[in-house]
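Please examine the sequence and the structure below before reading on.

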Amino acid sequence: MEAAADIAEAAPPARGARFWRRLRRNRLSFAALWVLAAIALAALLAPWVAPFDPNLPDPEAPLAPPGWRHLLGTDLYGRDQLSRIIHAGRVNLLIAGGATLGALVLGAVLGAVAGYRGGWLDQVVMRATDSIMAFPAFVLAMGITAAIGNSLLNVAIAIGVTQVPSYVRLVRGEMLRVREMEYAEAARTVGNPDRRIVLVHLLPNCIPPLIVQATLAMGYAILTLAALSYLGLGIRPPQSEWGQMTAEGASEIVTGAWWLFLFPGLAIVVTVLAFNLLGDALRDLLDPRMRGL
Amino acid sequence: MGFGGFLLRRLALTVPTLFGVTVVGFLLAYMLPGNPALVKAGPFATPDFVAEVERQMGLDQPLPVQYLRYLGALLQGDLGLSSSTGRPVLADFAQRLPATLELTLAALLIAIGIGVPLGVLSAIHRDTLLDHAGRVLSVAGVAMPSFWTGLLLIYVFFYLLDLAPAPLGRLAPGLQPPAAVTGLYVVDSALAGDWPALRSALQHLALPAATLGIAVMAPVARMVRATMLETLQSDFVKAAWGAGLPPRRVIYGDALRNALIPVVTILGVVFGFLMAGNAVVESVFAWPGIGNYAVTSLMTKDAGPIQSFVLFVALMYVVVNLAVDLLYGLIDPRIRLG
Amino acid sequence: MTAPLLEIEDLAVRFDTEDGPVEAVDGLGLRLAPGEILGLVGESGSGKSVTAYAVLGLVRPPGRVLRGSIRFEGRDLLALPEAELRRVRGAGIGMVWQSPRTALNPVLTVGHQIARLLRHHRGLPPRAARERAVEMLRLVGIPEPERRARQYAHQLSGGMCQRVMIAMALATQPRLLLADEPTTGLDVLVAARIMELLKDLGRRTGAAILLITHDLGTVAESCDRVAVMHAGQLVETAPVRTLFRDPVHPYTRALVAAIPRVDREVALEPIPGAVPSLLHAPPGCRYAARCALATGRCRQERPALLPIAPDHQVACFAAEPVA
């Protein structure tokens, strides 16, 4: 109903206030924000938050089911699972965050340069981007970790590489739009240096969709990392990570120790879910163009 | 421009993509640990002989030359040797492909069979309890790692309820696989009238297919809901309501027909999901497909299968996306008739 | 005076937006005699399209009809159950939509889209419906109607799509035709021909037409009577000649003064200000903020729509006879 839209747009309140009000109205997403804050805080303060030393076996309670002493039970060696999950969360968030941030920076720079300069540089960047996108992301990450080995850094690189194309495309598209716009043209004739045009005009347009993209990418990154580790391609003992802990728990399924595979997996589900919900809400709020995709 | 022009343009677009895919595949193969010459020469070869084999294989040549050799071998279907089975990777692939195909098709069936109606109902009954439930389901479906879903199903249906067989392969031990026609046990055993085998094949297929299906169903339902909502708000649907057509006609005749056209495009993405999921789900259920083959060869530091798997999946991905675009062109009169 | 075909009384439609409720239509009353052509005029956002949606019973959340009645052939459409309302839509009331290109289903042939209405509303067998559809296309002046009937919307020009829409709307011989900006997006010549066609077909089939437009020029050429809407409210209604010769409401006067003429090529920004936000609508006249004649009373009190001459009604304190 065009009429209603016209009317609704007639009197917009202050942008920031409106943004907060709408985010808060979407209760699920607002809850997701709190959940993420709690997870991040727990990971950051792991040594103080975790009830036990994650590597300290409790000889009296190997394979203890969830109870008052060990809320989420213990593993074969009697290590407290809650403490292990909290500590493992550091690795998950660190690698997923590092991969996402690295991909964001690299992708944004490549996209901006390719879009601004155009010509052969643009061609090379875009063809490389297309080639990477021709692979299903997880399969490519698998291949890369296989090729370069699975240290923490390498796993982050493998996950990051699969993410770079989405940022390149996003920023390049925005760059091309900005370049077409008159005000960029005007700024150039006045004699502004190139870099300033880019920063002043491009960034404000790019940041909202980049934030959305990065939030959603965090979810994918955690899932990819977990799956790689589950297969033995990602994080390996003695380092802990949720996917790798699930894999350890899987071998105890036949003994009926369900808590060992259930809870690390649940940690993944909750975290990914929170990132996805928040990303969706941000997308609706910040970038109406992408709505419903 | 008619469909012919569209076809040509789309085919031309595939060429640079294929080039890119083979370059990435080559780089991966080049960086992979393990010396293929060593594999070919055998474990007891002298260093001199290994060097000789290296020269024969062109491993001393500059990178572009090596790439051309790689491409040449690829065109002849030569994917190298597997150091663990000692056989050509291509032969190993051919042997395991039907298992992967069976799992993939079953999962696709589940994903589309549930995802499409779920998305449609969600959109029609927008903001009702059904819609909220459907959305929670599809959001959660995306967030669940497939290995975890698989373990959950195994724990419940195998360990607790004893309804499913042990997650080990495609048939109960002791049963002979049916005579190969399609390579899909379910189809072949039905064709052969081998009912015990059919029963066992279905039982073994159920959990892995459900695991993979759940992972893929979520994005399908989400996409269908989004396009359906958009279509329901389009001018021509409003016009159909305004013309007094009954809801059934408007929803299925006007809206769904249009909404499903963009949904075809995500079949490509779905296929990517399925392929990625395959590697994981096949490992969880010891399903003897190519994903499992690639993962196990990683454990033994066998470079051939893993890089072939990556390349193979990417090539399939390109082909599937091409097919999807052509299908799109065929069903949308705006493209078909130009 | 004959019994009206359509009679709208005190219609109010509200949209619950994120920033609060908006009364897009507020206390609207309209009468349309059989065979009459009434122009409903106003700027975009004045609520004229919403009025058409309300008549068709197509106001969907976040919008809802607050109060009022819409009587069509003596029956209150707002009180009809959905199933019966569907029989009125299409069969009794046809609609020509604003953007013909997007209002046609892109994956169905235009012939099929007309034929299915005939099958549904008139119970014609498929073959007869198809033939009648082709006939309708010929009636609205589409050359080679047999071939065109087998084509899709994207294969037709904008003007041709609008002709198809008109054929669709008239195929079931409705008593009332709603035409929502039927000439937007068409070039001037095509637009003139479409209007001519509408008028001609209206006269021939005896259907009354509610022509919704922002363009008073179009109204002058084709309508019998005009109703002017501003910010969801009716401000003046009169026979077309009276309205152009003797506009009373300041808003109507501004609109009439702004009609582009041959001697004045560019229409300048005609009326000061924009349609006011209805989010926190002032209690008084909604035109007060834009009106040069506004007094304190205008801002406090809402003027009622009162007759100043037979068949000429105005909602303005300045037009009221001094009591």
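In chain C, the residues Gly159(C), Gln162(C), Ile166(C) and Leu170(C) of helix α7(C) meet Val190(C), Ile194(C), Leu197(C), Leu198(C), Leu201(C) and Thr205(C) of helix α8(C). Two residues are in contact here if their C-beta atoms, placed from the backbone, lie within 7 Å. Helices (H or I, at least four residues) and strands (E, at least two) are DSSP runs, numbered from the N terminus. By class, this contact of α7(C) with α8(C) has seven nonpolar, three polar and no charged residues. Ala, Val, Leu, Ile, Met, Phe, Trp, Tyr, Cys and Pro count as nonpolar, Asp, Glu, Lys and Arg as charged, and the others, Gly among them, as polar.

The model is predicted: local features need pLDDT of at least 70, side-chain atom pairs count only at pLDDT 80 or more, and totals for chains, interfaces and linings use all residues. Residues are numbered from 1 along each chain as its sequence is written, while chains are lettered from A and ligands numbered from 1 in the order in which they are written.

**Helix pairs**

Helix α7 of chain C spans residues 158-171 and helix α8 of chain C spans residues 188-205; they pack at an angle of about 15°, with their axes 10 Å apart. Axes are lines fitted to C-alpha atoms, for helices over the stretch in contact, and angles run from 0 to 180 degrees between N-to-C directions. The angle therefore makes α7(C) roughly parallel to α8(C), a label for angles under 35 degrees. Their crossing is right-handed, meaning that the near helix is turned clockwise from the far one by less than a right angle.

In chain B, helix α5 (residues 89-124) and helix α11 (residues 247-284) have axes that come within 9 Å and cross at roughly 140°. The crossing of α5(B) and α11(B) is also right-handed. Among the residues that meet are Leu103(B), Ala107(B) and Ala111(B) in α5(B), and Ile251(B), Val270(B) and Leu274(B) in α11(B). By class, this contact has 10 nonpolar, three polar and one charged residues.

**Chains A and B**

Both chains are built from helices, with zero strands in chain A and zero strands in chain B.

Among contacts in chain A between residues at least 6 apart in sequence, 67% join residues at least 24 apart. In chain B, residues 24 or more positions apart account for 70% of the contacts with a separation of 6 or more. The C-alpha atoms of chain B fill a box of roughly 85 × 60 × 40 Å, taken along the principal axes.

How many residues of chain A are in contact with chain B? There are 39, and they touch 40 residues of chain B. The elements of chain A that give two or more residues to this side include α6 (119-133), α10 (194-230) and α12 (259-286). This side of chain A divides into 27 nonpolar, 10 polar and two charged residues.

**Annotated regions**

In an unreviewed entry, UniProt lists residues 6-256 of chain C as "domain: ABC transporter". That span is 41% helix and 28% strand, and its end C-alpha atoms lie 26 Å apart. The UniProt annotation "transmembrane region", also from an unreviewed entry, covers stretches of chain A including residues 28-50 and 256-278. Residues 28-50 of chain A are 91% helix and 0% strand, with end C-alpha atoms 27 Å apart. UniProt positions are given in the numbering used here, feature names are shortened, and annotations may be inferred rather than shown by experiment.

Notes: Parallel < 35°, antiparallel > 145°, perpendicular 65-115°, else oblique.
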